Amino acid sequence: QVQLVESGGGLVQAGGSLRLSCTASGRSFSSYGMGWFRQAPGKEREFVARWSAFSISYANSVKGRFTFSRDNAKNTIYLQMNSLKPEDTAVYYCAAGVGGRGSYDYDYWGQGTQVTVSS
């Protein structure tokens, strides 16, 4: 079992930055692939970024603006979000699993953190 807790969300103006954190407890997360997803009101949850043993990849909509990093010693992953746009507004979730691009690739999910970007 892995428990995930996100933090770092908030309200920011367009063009601003935020850094989300996701800390894991329970079983060590170093053996898991990790992902970030988001869900805007009235929309389905969508892939943002993923990190597996072999690669990191990003959704086209965030590529070049968002950076995924992890600190295994702290059992924490991060999502640095720069040049934020109003369309980035969503609840952001971290997840642990095999590290794919689909929600079905993940067994454990955090509770989510709200990111709101004002225009």
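**View 1. N75 sits in the loop between β7 (66-71) and β8 (76-81).** This is a predicted model, where local features need pLDDT of at least 70, side-chain atom pairs count only at pLDDT 80 or more, and totals for chains, interfaces and linings use all residues. Residues are numbered from 1 along each chain as its sequence is written, and side-chain values use heavy atoms, leaving out hydrogens and water. N75 isn't a glycine, yet its phi is positive, at about 50°. Most residues other than glycine have a negative phi. With a relative accessible area of 18%, N75 is buried (buried is under 20%, exposed is over 50%, partly exposed is in between, with a 1.4 Å probe and protein chains only).

**View 2. S83 lies in the loop between β8 and β9 (90-97).** Here's another residue other than glycine with a positive phi, near 50°. S83 counts as partly exposed, at 41% relative accessibility.

**View 3. The chain has 11 strands and 0 helices.** Strands (E, at least two residues) and helices (H or I, at least four) are DSSP runs, numbered from the N terminus. Buried residues make up 50% of the 119 residues. Of the contacts (heavy atoms within 4.5 Å) with a separation of 6 or more, 58% join residues 24 or more positions apart.

**View 4. The C-alpha atoms fill a box of roughly 40 × 25 × 25 Å along the principal axes.**
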